[in-house]
Amino acid sequence: MNMIEINSVSMRFNMAKEKHESLKEYFVALAKGKLQFEEFYALRDVTFNVEKGDFYGLVGLNGSGKSTLLKIIAGVFKPTLGTVNVRGTIAPLIELGAGFDMDLTARENIYLNGTVLGFTPKYIDSKFDEIVDFSELWDFLDVPLKNYSSGMVSRIAFAIATITKPDVLIADEILSVGDFLFQQKCEQRMRELMADGTTVILVNHSIEQIERLCNKVTWLEKGRVQMTGDTQTVCEAYKLTTR
Amino acid sequence: MGMIKAYCNDFWRYRYLLYNLIGRDFKLKYRRSVLGVVWSVLNPLLMCLVMWVVFSTVFDMRGGDIVNFPVYLMIGQLLFNFFNEATNTAMSSMLSAATLIKKVYIPKYIFPLEKVCFSLVNCLFSFIALIIVMLFTGAELHTTVLQCLYPLLTLFVFSLGIGLVLAALTVFFRDIMHLWGVFTTALMYFSAIFYDPLAMNNAFLTQFIKFNPLYWYITAFRYTVLFGKPLTFSMIWICAACAIVALTLGLIFFRRQQDKFVLYI
């Protein structure tokens, strides 16, 4: 069964040379006939499917459109052309701690971020201990988040996002934060979720990690799909060109 | 109809987020202040005291005798403040939620809605101050007082509609933020907050002010709470009509623009 269907998706951004942030500037530019946007395609005609139970990897150099694609899957962007269908619930780990308010304490943020992801307060109550256990931050629970280190913030964000059993987990380079012990813990947690039937899409610059975890990989190059297939083949080809 | 149903479903799913965002705003507003929540009551009380001193001594031009001027003034001031705060915070709500909506999918109208709800919470707190002043000035408690919920509720809907339009516009043109401040200042002087337009002997003003929806909300509220008169028919339909028109406009406009927001903030 296909969990995610991506059908010839293109994403166009208007790269305004000068950003018109006020009406005056806008009309001045309009009058001068300079109201031209440079079009930029972050993604062009991308098509692939992710099946249930896949641990899907996306590789590519910086600016190849990996993060844009993840954001489209998560529903943050609407694709300019093409369609994306996702079955079931998504847990987006696009940038850890997106829903955090740095002035609130960790305890308050767990509830805020949990509701951002669509959980009920009751559900968060029941999972609260588990979240704090996982992030190992019992001692700092009532400290405002602005006093946390970035590693601590990402721990707690990962713990909240993976506390439920999502149908699809989208992970953008999250495994590169935190110390190696925490990375191991995250991998462990993702494997547990996989065992329960979660489909994972992973973006990572560390090709070793992709090779170790994923069973299928798509290689993006300047917004186009260069290659799709099993991990071995794609990673070999990718490493050959980047070397 | 499908659109309204989708809005309602979304709302139900994300209602806890709405509560939490309101809670966050409330906590952050009073964090580290000694008196904390007391300011919610004290602030409108002091503000109205200042207004009262100014407009009953230096600029005494209220036109005729207004019964219980402190309460009259305070009702106008509190309702106008609600509208002002609601629309202003809703206007910048999309910009301040930028980090969030760039990374997670959330129905976007939740942010202007949250700001308007938060302003309503503040407004309800300030009614405690109003009650204190009413007790202090010996104002009568009329049986019509419960009817004041009607102008309050319709004003809430009206502010939400305006807030949605402003929030969507501000994403594309930041100028709106500066313009709106000027506009609301002008609006304040034409909302009959500290004078009675009917007693001003100015035919133009008495006609002109009827085009200001806020005047109707404020007057309807005064009728029920201060004068002890039931709402008139024209109050009922004008309050409702303004609210429905504003909300419909707001929802349609916001919905048509919302997919583009992410690219502009």
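This is a predicted model: local features need pLDDT of at least 70, side-chain atom pairs count only at pLDDT 80 or more; totals for chains, interfaces and linings use all residues.
**Where chain B meets chain A**

- The contact brings together 25 residues of chain B and 33 residues of chain A.
- Four salt bridges are counted between chain B and chain A.
- One salt bridge pairs Asp259(B) with Lys78(A), whose closest N and O atoms are 3.2 Å apart.
- Six residue pairs are in polar contact across the interface of chain B and chain A, with both residues at pLDDT 80 or more.
- On the side of chain B that touches chain A, the elements giving two or more residues are helix H2 (15-30), helix H6 (98-101) and helix H13 (261-264) of chain B.
- H2(B) gives the most to this side, with seven residues.
- Sorted by class, the side of chain B that touches chain A has 15 nonpolar, eight charged and two polar residues.

**Chain A as a whole**

- Chain A has nine strands and eight helices.
- Of the 243 residues in chain A, 49% are buried.
- Taking the contacts in chain A between residues at least 6 apart in sequence, 73% join residues at least 24 apart.

- Strand S7 of chain A covers residues 199-203 and is mostly covered, with five of its five residues buried.
- Thr199(A), Ile201(A) and Val203(A) point one way from S7(A), while Val200(A) and Leu202(A) point the other way; all are buried.
- Strand S3 (residues 55-59) of chain A runs parallel to S7(A), and four bridges join the two.
- Within this pairing, Phe55(A) stands opposite Val200(A) in S7(A).
- Strand S6 (residues 168-172) of chain A also runs parallel to S7(A), joined to S7(A) by five bridges.
- Here Ala171(A) stands opposite Leu202(A) in S7(A).

**A closer look at Thr154(B)**

- Thr154(B) lies in helix H8 of chain B, which spans residues 149-172.
- Is Thr154(B) buried or exposed? Thr154(B) counts as buried because its relative accessible area is 9%, below the 20% cut-off.
- The side chain of Thr154(B) reaches the backbone oxygen of Tyr150(B) at 2.8 Å.
- Leaving aside residues up to four places away in sequence, Thr154(B) touches Tyr217(B), Cys239(B), Ala240(B) and Ala243(B).

- Over all chains, the count comes to 20 salt bridges.
- Side chains of opposite charge can pair when their charged atoms come close.
- Glu51(A) and Lys216(A) meet through their side chains in a salt bridge, at 3.8 Å from N to O.
- This pair links distant parts of the chain, with Glu51(A) in strand S2 (residues 37-51) of chain A and Lys216(A) in strand S8 (residues 216-221) of chain A, 165 residues apart.
- Glu51(A) is partly exposed, with a relative accessible area of 37%, and Lys216(A) is partly exposed as well, with 27%.
- Glu136(A) forms a salt bridge with Lys185(A), and the closest N and O atoms are 2.6 Å apart.
- This pair too links distant parts of the chain: Glu136(A) is in the loop between helix H4 (121-135) and helix H5 (150-161) of chain A, and Lys185(A) is in helix H6 (residues 180-195) of chain A, 49 residues apart.
- Glu136(A) is partly exposed, with a relative accessible area of 45%, and Lys185(A) counts as partly exposed at 24% relative accessibility.

- Asp25(B) forms a salt bridge with Lys115(B), with the closest N and O atoms 2.9 Å apart.
- The pair links distant parts of the chain, as Asp25(B) is in helix H2 of chain B and Lys115(B) is in helix H7 (residues 110-136) of chain B, 90 residues apart.
- Are Asp25(B) and Lys115(B) buried or exposed? Both are buried.
- Asp25(B) and Lys115(B) are also linked with Asp101(A), Arg24(B) and Glu114(B) in a network of salt bridges.

Key: Residues are numbered from 1 along each chain as its sequence is written. Chains are lettered from A and ligands numbered from 1 in the order in which they are written. Side-chain values use heavy atoms; hydrogens and water are left out. Buried means under 20% relative accessible area, exposed over 50%, partly exposed in between (1.4 Å probe, protein chains only). Two strands pair if DSSP finds at least two bridges between them. Contact means heavy atoms within 4.5 Å. A polar contact is a pair of N or O atoms within 3.5 Å; within protein, one must be able to donate a hydrogen and the other to accept it, and residues adjacent in sequence count only if both atoms are side-chain atoms. Ala, Val, Leu, Ile, Met, Phe, Trp, Tyr, Cys and Pro count as nonpolar, Asp, Glu, Lys and Arg as charged, and the others, Gly among them, as polar.
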